[in-house]
Amino acid sequence: MHRLKIISGHLSPGGPSGFRRDLRRWECGSAAAAGGRVLPDDVVVVHGRRTAIGKAKRGGFKDTTPDELLSTVMSAVLKDVGLSPDQLGDVCVGNVLQPGAGALMARVAHFLSGFPESVPVYTVNRQCSSGLQALFNIAGAIRSRAIDLGLACGVESMSLRGIGNPGDLSSRLVDNDKARDCIIPMGITSENVAERFGVSREKQDAFALSSQQKAARAQSSGLFDREIVPVTTKFVDDEGKERQVTVSKDEGVRPGTTLAGLAKLRPAFKPDGSTTAGNSSQVSDGAAAVLIGRRSAVEALGLPVLGVLRASAVVGVPPDVMGIGPAYAIPAALQQAGLTVADIDVFEINEAFASQAVYCVEKLGIPPEKVNPNGGAIALGHPLGCTGARQVVTLLNELRRRGRRAYGVVSMCIGTGMGAAAVFEYPGP
């Protein structure tokens with residue numbers, strides 16, 4: 001195991017450079033989503049809220065446990081729409097870093113939220129897509145008619161838990177290229193994408209600057225206020241003194257970011273690399289929750305419809321360039337929905353690294369103005385288990401602000417070589 005830990009931290013890029021087009025994928029969704037059909041069995045989004053995203057180990061949530069963050073958003077979503085928790089058929093929570101994917105933590109949050117013991121809860125870990133996978137899981141339960149309503153959540157405290165020991169793995173992984181590639185550090189996979197597909201440092205820094213500028217504009221304009229639940233929590237300062245703080249703004253946004261400043265940053269993962277702290281996602285804390293249900297059940301309860309899940313897909317890609325996942329997941333989901341890139345109004349693509357985000361946007365020919373109009377993880381932060389659910393909340397609020405029927409996509413890359421994507425329709429006011 002000592003040998004595995006050394007390999008995990010220091011392994012150099014490897015594996016074949018080509019990538020297969022017959023990528024294996026798992027999909028779920030409506031085969032005929034386009035056209036805005038209104039069907040009683042549609043899986044619809046009722047409402048969603050999130051916490052602000054805090055800077056890990058330094059920000060307002062550094063001393064806040066994930067069950068408290070999760071409880072805040074779970075409670076807020078149901079309170080906003082006046083729904084009793086006993087109406088829920090299931091709750092699924094995405095989490096990456098807590099032991100056992102946070103199974104105990106989620107049940108504790110469940111009770112802290114005042115939910116009855118009769119309502120079940122479980123967790124899921126598909127790494128950076130965990131929050132979105134939670135939504136896929138609840139949607140699947142609705143489609144199978146196991147439940148009518150469910151809560152899909154995501155939470156992470158990267159202050160209290162870090163990415164460390166890879167776990168109990170066979171020593172045989174060193175003899176298998178793909179298995180070995182699964183433990184390449186994420187920063188090195190970013191460098192692999194940049195080198196293999198020619199994504200320059202200049203392009204990466206320009207993308208990072210744009211993310212910061214868009215997020216700063218959105219924040220100063222109050223665009224996030226509707227989706228964020230303020231959290232009052234404890235904070236222990238450098239002198240060990242505890243005080244209460246209220247966190248209501250995303251802490252990673254840097255309005256003063258410049259290209260010159262980004263250009264001065266040293267490579268973070270390779271001496272001659274191009275991935276820096278400034279063009280990578282931030283290590284963060286946060287939580288989000290999304291209420292979804294079968295349209296017929298939602299309408300019978302008099303609940304609103306904020307969006308319709310039109311398609312979803314998860315695909316596999318080479319682990320050593322895991323960041324290319326959205327370039328394959330998005331087409332799979334769009335094909336399933338009967339839509340094209342041109343039909344989509346907003347793409348919320350997780351900015352794990354600027355290298356992979358730039359590659360995916362260029363590979364798919366997505367107009368830059370459609371991508372993360374309010375900034376992404378480079379500016380806002382990336383609390384691993386939370387991000388997918390956070391993106392759904394941000395996307396649907398942005399489509400609602402536009403005031404007309406529209407389509408949006410949520411997508412992200414996934415460590416060990418995967419990508420996930422979902423297509424949503426905002427039905428209009």
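Leaving aside its neighbours within four places in sequence, which residues is Leu 88 in contact with? A few notes on this predicted model, starting there.

1. Leu 88 and its surroundings. The residue sits in the loop that joins α2 to β4. Leu 88 has a relative accessible area of 5%, so it counts as buried, the cut-off being under 20%. Apart from neighbours within four places in sequence, its contacts are Leu 78, Leu 83, Phe 115, Val 119, Leu 149, Gly 150, Leu 151 and Leu 291. Take Phe 115 from that set: it is 27 residues away from Leu 88 along the chain, and the two C-alpha atoms are separated by 9.4 Å.

2. Just after the helix, Gly 82 has a positive phi of about 70°.

3. Leu 223, another loop leucine. Is Leu 223 buried or partly exposed? With a relative accessible area of 25%, Leu 223 is partly exposed. Its loop runs between α7 (201–220) and β7 (231–236). Pro 255 is 32 residues from Leu 223 in sequence, with 15 Å between their C-alpha atoms.

4. α4 against α13. What angle do the axes of α4 (residues 130–143) and α13 (residues 387–402) make where they cross? The crossing is at roughly 75°, and the axes come within 4 Å. The two helices therefore count as roughly perpendicular to each other. On the α4 side the contact uses Gly 131, Leu 132 and Leu 135, and on the α13 side Gly 388, Ala 389 and Val 392. That contact has four nonpolar residues, two polar and no charged. 

5. α10 against α11. Helices α10 (residues 325–337) and α11 (residues 354–364) have their axes 8 Å apart and pack at about 40°, so they are classed as oblique to each other. The crossing of α10 past α11 is right-handed. α10 brings Pro 326, Ala 327, Tyr 328, Ile 330 and Pro 331 to the contact, while α11 brings Gln 356, Tyr 359, Cys 360, Lys 363 and Leu 364. By class that gives eight nonpolar, one polar and one charged.

6. α11 again, now with α7. Here the packing angle is about 90° and the axes are 9 Å apart, which makes α7 and α11 roughly perpendicular. From α7, Lys 203, Gln 204 and Phe 207 meet Ala 354, Ser 355, Ala 357, Val 358 and Glu 362 of α11. The residues of this contact split into four nonpolar, two polar and two charged.

Methods:
Residues are numbered from 1 along each chain as its sequence is written. This is a predicted model: local features need pLDDT of at least 70, side-chain atom pairs count only at pLDDT 80 or more; totals for chains, interfaces and linings use all residues. Side-chain values use heavy atoms; hydrogens and water are left out. Axes are lines fitted to C-alpha atoms, for helices over the stretch in contact, and angles run from 0 to 180 degrees between N-to-C directions. Angles under 35 degrees count as roughly parallel, over 145 as roughly antiparallel, 65 to 115 as roughly perpendicular and the rest as oblique. Contact means heavy atoms within 4.5 Å. Ala, Val, Leu, Ile, Met, Phe, Trp, Tyr, Cys and Pro count as nonpolar, Asp, Glu, Lys and Arg as charged, and the others, Gly among them, as polar. A crossing is left-handed if the near helix is turned anticlockwise from the far one by less than a right angle, and right-handed if clockwise. Buried means under 20% relative accessible area, exposed over 50%, partly exposed in between (1.4 Å probe, protein chains only).
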